[in-house]
2 protein chains.
Amino acid sequence: MMDTPVLVDGIPTASVGANDRGFMYGDGLFETIAVHDGRPCLWGFHLGRLRKGVDRLCLPCPSEDLLFRECTEIIGEQRRCVVKLVLTRGAGGRGYGPPERPSPTRVFYRYGWPDHPLDWQSAGVRVEVCHTRLADQPLLAGLKHLNRLEQVLARSEWKDPGRAEGLMCDLRGRVIGGTMSNLFVLSDSATVLATPLLDRCGIRGTVRDLILKNAHRFGISAVEKDLYLSDLAEAEGLFLTNALIGVWPVRQLGEQGYDVGRLPHGFLNWIRAAVQETDPEIRNPCAPC
Amino acid sequence: MMDTPVLVDGIPTASVGANDRGFMYGDGLFETIAVHDGRPCLWGFHLGRLRKGVDRLCLPCPSEDLLFRECTEIIGEQRRCVVKLVLTRGAGGRGYGPPERPSPTRVFYRYGWPDHPLDWQSAGVRVEVCHTRLADQPLLAGLKHLNRLEQVLARSEWKDPGRAEGLMCDLRGRVIGGTMSNLFVLSDSATVLATPLLDRCGIRGTVRDLILKNAHRFGISAVEKDLYLSDLAEAEGLFLTNALIGVWPVRQLGEQGYDVGRLPHGFLNWIRAAVQETDPEIRNPCAPC
């Protein structure tokens with residue numbers, strides 16, 4: 001069944017302890033890292049989010065050196081692949097109470113590059129709104145933790161390979177993002193990019209952070225705010241982001257079509273290049289300033 | 001690290017696949033089963049809840065015969081112990097989308113009987129209200145699924161061994177139950193037992209079900225309703241239930257004391273006997289009718 005290389009606490013193996021709290025309770029975090037030219041991309045962004053997660057869950061964080069070494073080891077000779085890191089609270093007994101001195105489990109997986117149609121980058125994607133809603137949980141909002149049944153239920157809603165993604169709303173009707181991506185909404189003659197506030201639910205994506213930090217350099221104001229489906233209906237354009245897809249323009253949401261030509265392609269192309277860098281803030285391949 | 005016997009898909013082992021969706025996403029369910037006299041207790045109640053869970057998550061359910069056989073095998077020669085069953089969607093790839101034909105993983109664990117102080121049954125327990133709130137997620141409410149970070153955070157709030165449990169409220173202030181137990185609230189001269197509605201969050205406990213089905217036989221009306229901390233402050237008494245503890249009267253909630261003598265002890269003793277039966281509805285040791 002296991003056709004992907006796995007390192008558990010630095011050891012090549014295909015299994016984890018049945019008493020691991022990741023398996024028992026989803027008591028842990030993960031990161032999904034793109035690898036280009038044999039190097040892990042957006043490394044600092046992934047580490048930054050992981051650190052916020054371990055702080056919130058009170059997990060001891062392995063050193064960055066150790067994580068980078070094991071990440072490099074799982075990449076091996078591959079030039080382009082996906083590395084997934086799972087970090088859990090480690091072995092535990094039966095109850096919810098965490099062990100006093102947890103010994104976290106580190107698992108690195110290597111997967112092949114996903115085979116999404118290439119024209120989704122240029123021509124854009126078709127998406128629909130999911131029936132599954134996200135619950136408000138401010139204590140866990142933003143984190144990429146292992147409790148992902150909501151995303152599993154949402155992703156189970158469609159099998160049509162022509163549909164790229166599903167948008168998820170919270171129970172009050174605010175749009176939060178895709179099942180595996182963050183959403184950006186363009187308005188004001190392409191000068192404002194809004195993305196949902198993620199203080200109650202949702203995952204703070206690495207590319208989302210990259211955009212929020214750098215949009216101003218392209219004359220675009222990027223803001224976090226509550227967004228509703230009516231805001232999407234009135235938008236000039238939409239796009240989705242994550243560390244693997246980079247940017248997917250949305251050409252259709254349900255019955256509504258969008259002209260992907262109205263998106264700020266200079267900026268989007270900068271993002272697409274930046275997400276292939278280990279540290280895009282040191283080396284900005286096509287930044288204008 | 002693993003000092004508890006484990007059966008994974010019928011095979012004695014200490015590990016599960018690192019690509020198991022239980023580990024990846026908490027994509028599965030569990031049951032915690034008391035064993036008395038070498039027999040699993042409340043078997044039908046546990047199976048009933050598990051079936052509701054597999055229906056909701058669209059998992060294939062292993063046959064009851066197979067589950068009972070493996071449960072009996074893990075019990076072995078033990079007379080009194082705890083069996084935990086974890087049922088996941090099995091091996092999967094990287095994405096949230098479930099495999100088309102999942103092959104669920106069954107894991108049975110055997111643990112020693114918990115060593116709670118014996119006088120908690122008679123003299124009652126001290127509990128506090130947790131700061132961690134439960135999120136509303138109607139699609140998963142009631143199920144004993146593997147996404148349990150909220151309970152982990154709540155149970156992390158105290159280390160005082162004299163505190164037995166923490167009560168959890170939802171974000172709107174409704175009391176939902178304990179981190180590992182259900183709550184009952186006595187009123188109307190011990191003729192009404194109310195327990196929180198669990199249509200938005202919380203876990204439908206096996207003993208909770210047993211009480212809702214049988215209270216009328218003791219002249220008590222048992223109802224599910226929204227309850228607030230103010231209802232608890234005005235109550236004649238409170239108690240907590242789960243399959244292992246049976247019934248714990250509450251003698252103190254925060255600053256407020258309760259007279260455990262006002263609880264309907266005939267009924268509570270019936271429950272304590274019933275939770276030691278494999279099928280309490282066939283053999284009701286001390287039911288009055």
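User: In this predicted model, which residue forms a salt bridge with Glu31(A)?

Analyst: Look for a side-chain nitrogen of Lys or Arg within 4 Å of a carboxyl oxygen. For Glu31(A), the closest N and O atoms of the pair are 2.6 Å apart. The partner is Arg49(A).

User: How many residues apart in sequence are the parts that Glu31(A) and Arg49(A) tie together?

Analyst: Glu31(A) sits in strand β4 (residues 28-36) of chain A, and Arg49(A) sits in helix α2 (residues 43-57) of chain A. The pair therefore links a strand to a helix, and the distance along the sequence is 18 residues.

User: How many salt bridges does the rule find across the interface of chain B and chain A?

Analyst: Over all chains, the count comes to 31 salt bridges. Side chains of opposite charge can pair when their charged atoms come close. Across the interface of chain B and chain A, though, the number is 0.

User: Then how many residue pairs are in polar contact between chain B and chain A?

Analyst: Here we're after pairs of N or O atoms within 3.5 Å. Both residues also have to be at pLDDT 80 or more, and the count is 17.

User: Which element gives the most to the side of chain B that touches chain A?

Analyst: Several elements of chain B give two or more residues to that side, among them β3 (15-17), α2 (43-57) and α5 (149-155). The top contributor gives 6 residues, and that's α5(B).

User: What share of the area buried between chain B and chain A comes from carbon and sulfur atoms?

Analyst: The contact takes 64 residues from chain B and 64 residues from chain A. On the side of chain B that touches chain A, the residues split into 33 nonpolar, 17 polar and 14 charged. The buried area is about 4,800 Å², and the carbon and sulfur share is 69%.

User: Strand β12 (residues 192-196) of chain B pairs with strand β13 (residues 221-225) of chain B; what is the handedness of the crossover from β12(B) to β13(B)?

Analyst: These two strands pair in the parallel sense over 5 bridges, and Leu193(B) has Ala222(B) as its bridge partner in β13(B). The chain gets from β12(B) to β13(B) through helix α6 (residues 206-214) of chain B, and this β-α-β crossover is right-handed.

Methods:
Residues are numbered from 1 along each chain as its sequence is written. Chains are lettered from A and ligands numbered from 1 in the order in which they are written. This is a predicted model: local features need pLDDT of at least 70, side-chain atom pairs count only at pLDDT 80 or more; totals for chains, interfaces and linings use all residues. Side-chain values use heavy atoms; hydrogens and water are left out. Contact means heavy atoms within 4.5 Å. Buried area is the accessible area (1.4 Å probe) that two parts lose on being put together, summed over both. A polar contact is a pair of N or O atoms within 3.5 Å; within protein, one must be able to donate a hydrogen and the other to accept it, and residues adjacent in sequence count only if both atoms are side-chain atoms. Helices (H or I, at least four residues) and strands (E, at least two) are DSSP runs, numbered from the N terminus. Ala, Val, Leu, Ile, Met, Phe, Trp, Tyr, Cys and Pro count as nonpolar, Asp, Glu, Lys and Arg as charged, and the others, Gly among them, as polar. Two strands pair if DSSP finds at least two bridges between them. A crossover is right-handed if, with the strands pointing away from the viewer, the path from the first strand over the helix to the second runs clockwise.
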